[in-house]
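Look over the structure below before reading the notes. They cover a barrel of strands and some of the helices around it.

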Amino acid sequence: MPADRSAPTWPREFIWGVSTSSYQIEGGATDDGRGPSIWDVRCRLPGKVANGDTGAVACDHYHRHREDIELMRSLGVDAYRFSVAWPRVLPRGIGAPNPAGLAFYDRLIDDLLAAGIEPWLCLYHWDLPQALQDQGGWTSRDSAGWFADYAALACRRYGDRVRRWITFNEFSVFTLFGYAMDWQAPGQVDRRAHLQAIHHVNLAHGAAVDVIRSLVPGASIGAIHNRQRVLPRGDDDADRVAATTLDAFWNRTFPEAQLEAAYPSPVAEAIEPFVRAGDMARICRPIDWFGLNHYGPIFARAEPSALWGFAWADPPEATERTPIGWAIHPEMFRDELVELSRRFRLPVVVTENGSGGADIPAADGRVDDARRVDYLQAYTAAMHEAIAAGADVRGYFIWSLLDNFEWGAGYANRFGLFHVDFATLRRTPKSSARWYRELIAAARA
Ligand code: GCO
């Protein structure tokens, strides 16, 4: 029977959700005893974040989480992926917990459950406590133990209500951008620091998986990897080598260490001095599903002066792009889902997909983000094709519920289904929010 493309049928148990992260939406950066994170510090450094923006207030979700749960409810989502701000619950990263910070996530989790929305809790979305950065951060081998202790605190506190646990969000992005490119915190560009951070983050992941497994009976544990095809910008060998190197750091280093107990070349050779006997077994711990963040292909060019000999490149002129210039390629998303599902033999959950734009409201206040709707339509159709081709995809989370603090781009790049007026903090549904609500309703019908 030919598939009806306008109203595809989805697996009955398929999970529809939205994603956010703590530093990007919470604000309340100094409220109720929260400690500073490496992002609070980076935002104060001149020139690191567009427009001098900071996450001090962000969407003020810390004080408005109930309103935001209502927005989720209006979409009809099954699930919400959020992250816990480590410095909110442990202001110094280790040592004494902060009761008020812990209580915030109690309220959030309880209110989500009361609304019929399943909490998917991510332990790390890049806001490392600054107090730990002052002790070396991820370059210190002690970081694996710090993270395991933090994971244990969260499990003991929330494990009675949260079944879905995620160790880290996008391992390769924050290590590459934070230690090889100065695009993100801590902006410590150094080969040795980058390699140490990679290996210690992997050890922290493995340790946290064991902690969650032992403290939360029945936990469903995942890790979130960004993966997208890396293409050489030019048609020469130098750019092809650059693309292969970026691909190793971007797509392979973390999943292969965690699921196959091996680093890919050329990372393997470089990281060797930091790997001790038994480490790969500590890193490669059984998990339950693969979290995939995917937007579109990325491009590399040779750059001999760069730390690893590659630099980021813009997509070629002819490439179809989102309003913020990211390449659009739904077929590559479909292929990624199919390949991933075969390669690691784990169920896949798409934990981020979405499109950035300026999203300027019209005179009547409406935000018609037609290009985001086109993007999401094309990408969900591609996901449907992947499932039809045998990919084991269990869920899909749009990035993001709200416009938010988009790291180095500040508040200029918007990804939300809901527009946020950062002067008044008013939320307004965009056309894409209506589109998603209809898609979810049709998928359930
Ligand atoms: C990411 C991020 C988000 C970004 C989003 C858009 O995981 O890269 O998790 O924090 O905001 O990807 O750039």
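Which strands does helix α10 lie across, and at what angle does α10 run to β5? Helix α10 (residues 237-260) lies across β5 (220-226) and β7, and runs at about 155° to β5. This is a predicted model, in which local features need pLDDT of at least 70 and side-chain atom pairs count only at pLDDT 80 or more, while totals for chains, interfaces and linings use all residues. Residues are numbered from 1 along each chain as its sequence is written, and side-chain values use heavy atoms, with hydrogens and water left out.

**Terms**
- Helices (H or I, at least four residues) and strands (E, at least two) are DSSP runs, numbered from the N terminus.
- Axes are lines fitted to C-alpha atoms, for helices over the stretch in contact (heavy atoms within 4.5 Å); angles run from 0 to 180 degrees between N-to-C directions.

**The barrel**
- A closed barrel of 8 strands runs β1-β2-β3-β4-β5-β7-β10-β11, with parallel pairing (two strands pair if DSSP finds at least two bridges between them).
- Neighbouring strands of this sheet are turned by 25° against each other on average, direction ignored.
- Strands β3 (residues 118-124) and β4 (residues 164-169) pair in the parallel sense over 4 bridges, and W120 has R164 in β4 as its bridge partner.

**Strand β10**
- All 5 of the 5 residues of β10 (residues 348-352) are buried (under 20% relative accessible area, with a 1.4 Å probe and protein chains only), so the strand is largely enclosed by the rest of the structure.
- Strand β7 (residues 289-293) runs parallel to β10 and is joined to it by 4 bridges; G291 stands opposite V349 in β10.
- β10 also pairs with β11 in the parallel sense, over 3 bridges, and V349 stands opposite G395 in β11.

**Helices α14 and α15**
- Buried residues of α15 include W435, Y436, L439 and I440.
- The buried residues of α15 pack against several elements, among them β1 (15-19), α3 (61-75) and α14 (370-388).
- The axes of α14 and α15 come within 9 Å and cross at roughly 30°; α14 and α15 are therefore roughly parallel to each other (under 35 degrees).
- In this contact, R372, V373, L376, Q377 and T380 in α14 meet S431, S432, W435 and L439 in α15.

Key. Buried < 20%, exposed > 50% of the residue type's maximum accessible area, 1.4 Å probe, protein only. Parallel < 35°, antiparallel > 145°, perpendicular 65-115°, else oblique.
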